[in-house]
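Subject: Handover of a structure for your study

Dear colleague,

Please find below the structure that I would like to hand over to you. After it, I set out what was found there, one topic at a time.

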Amino acid sequence: MTLWKGCLWGVLICSQWAVAGPKGHKLKPASAQHVSRQISLAPPLLIPMQVTSGFGRRFHPVTARYAEHHGTDFQAPMFSKVASVQDGTVTQVAGDPISGRYLVITHKNGWVSKYLHLSSIKVHARQKVSKGDIIALSGASGRTTGPHLHFELSYNGKLINPATLLFSGKSGSSGFTVAPANETQPAAPAKIQPPPLPRIVLVSGKAGRMKIGVKKGNKLIFAQPGDKVFNNFRIVSRGKRYALEKILNAS
C-alpha cells in the first residue's frame, strides 16, 4: 500500500509540473480556436483602433532587443478614453516603471483584461464595471516611446492575441466575439438588412510596406494603399489616415 501511495503522489506532482511549468516559466499563448466559452468584447478604445505593435515576438523599440509582446498596442493620443471590454470586477490598480499606470479587470468564465501605460485611472480595486464603461485615459506612463494603449487579454491564465479574436470573422458591430463550441446562436431578427459596407479594421506597418485590413460582413482581406477592394472601393490616403473611397461607375 505504501508503494502504491508513493507512485500516486509521483504522478500527481508530475502532472502539476506539466500544467503549471517550473517557477518563472511563461505561459504559452492560447489559440482562439480552442476557446469554448463565449465572450463578446467591446473595443477598448472609443476611437478607431490602429495597431502599432502586434502580439508575439517583436523588436522592442526601447530595449533594442527581440522579446515577447504579451498584448497588442493601439495608437491612442494622450487622454483618449479607455473602456472596459466586458462586465467584470477591477482586481488590480497599480503602476511600475515598465507598465506605467495600469489596471486589471477579471471577467466571467476565466477571462482577464489588462490596460497599460495609462495617464489616469477612473476606477478603483474591487469596483464593478460594465461593458463599455470608461475606466481610464490613455497615456505614455512607464517604459514607452509615446502615447498608446497596450491591451492584454487572457483566458484561464493563457494569453490570447486580441487581433485573432477581432479578425476571426465572428465580430459584432460592438466588438469581437468568440462563439461557444456547443451552443447555437440566437436567430437573427426576420427583417431585410441592407448589404454591409466595407470598413478598414486594421492598419499596420511602415511607409512602403503598409498592411491594411478591410472587412465586409464576415469577409476580411488585406491590401495596400491605392488597391481596389470589394470591386467598387479604393484605399486612399488622407493625411495620416486611410479611408475607403467609392469608385464611381465601377464595373
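I begin with a pair of charged residues. Glutamate 245 has a relative accessibility of 40% and therefore counts as partly exposed. Please bear in mind throughout that the model is predicted. The side chain of glutamate 245 meets that of arginine 238 in a salt bridge, with a distance of 4.0 Å from N to O. The structure holds 1 salt bridge. Arginine 238 counts as exposed because its relative accessibility is 52%, and the limit for that class is over 50%.

The second topic is the loop between β18 (228-229) and β19 (233-238), where phenylalanine 230 lies. Asparagine 231 is also placed in the loop between β18 and β19. Most residues other than glycine have a negative phi. Phenylalanine 230, however, has a positive phi, near 50°, and asparagine 231 has a positive phi of about 75° although it is not a glycine.

Of the 7 residues of β8, 5 are buried, which means that the strand is largely enclosed by the rest of the structure. Strand β7 (residues 88-96) runs antiparallel to β8, and 7 bridges join the two. Within this pair, arginine 101 in β8 stands opposite glycine 95. The two strands, β7 and β8, form a hairpin with 3 residues between them. β8 also pairs with β9 in the antiparallel sense, over 5 bridges. Here, isoleucine 105 has serine 113 in β9 as its bridge partner. β8 and β9 form a hairpin too, with 4 residues between them, and asparagine 109 in the turn has a positive phi of about 60°.

The fourth topic is the interior. In soluble globular proteins, nonpolar side chains tend to be buried together. The largest nonpolar core in this model has 26 residues, of which Leu45, Val82, Leu103, Ile105, Tyr115, Leu118 and Ile135 touch the most other members. The largest share, 4 residues, is supplied by β12. Another core, of 10 residues, lies apart from this one, and its members include Val214, Ala223, Val229 and Leu244.

Which residues is leucine 103 in contact with, leaving aside its neighbours within four places in sequence? The contacts of leucine 103 are Gln92, Val93, Ser113, Lys114, Tyr115, Leu118, Ile121, Val123, Ile135 and Ala136.

Lastly, I would draw your attention to proline 43, which is found in the loop between β1 (39-41) and β2 (51-53). Its relative accessibility is 29%, and proline 43 therefore counts as partly exposed. In sequence, proline 43 and lysine 131 are 88 residues apart, whereas in space the distance from C-alpha to C-alpha is 9.5 Å.

Yours sincerely,

A colleague

Terms used
Residues numbered from 1 in each chain as written. Predicted model: local features only at pLDDT ≥ 70, side-chain atom pairs only at ≥ 80, totals over all residues. Heavy atoms only, no water. Buried < 20%, exposed > 50% of the residue type's maximum accessible area, 1.4 Å probe, protein only. Core = buried A, V, L, I, M, F, W, Y, C linked by side-chain atoms within 4.5 Å. Contact = heavy atoms within 4.5 Å. Pairing = 2+ DSSP bridges.
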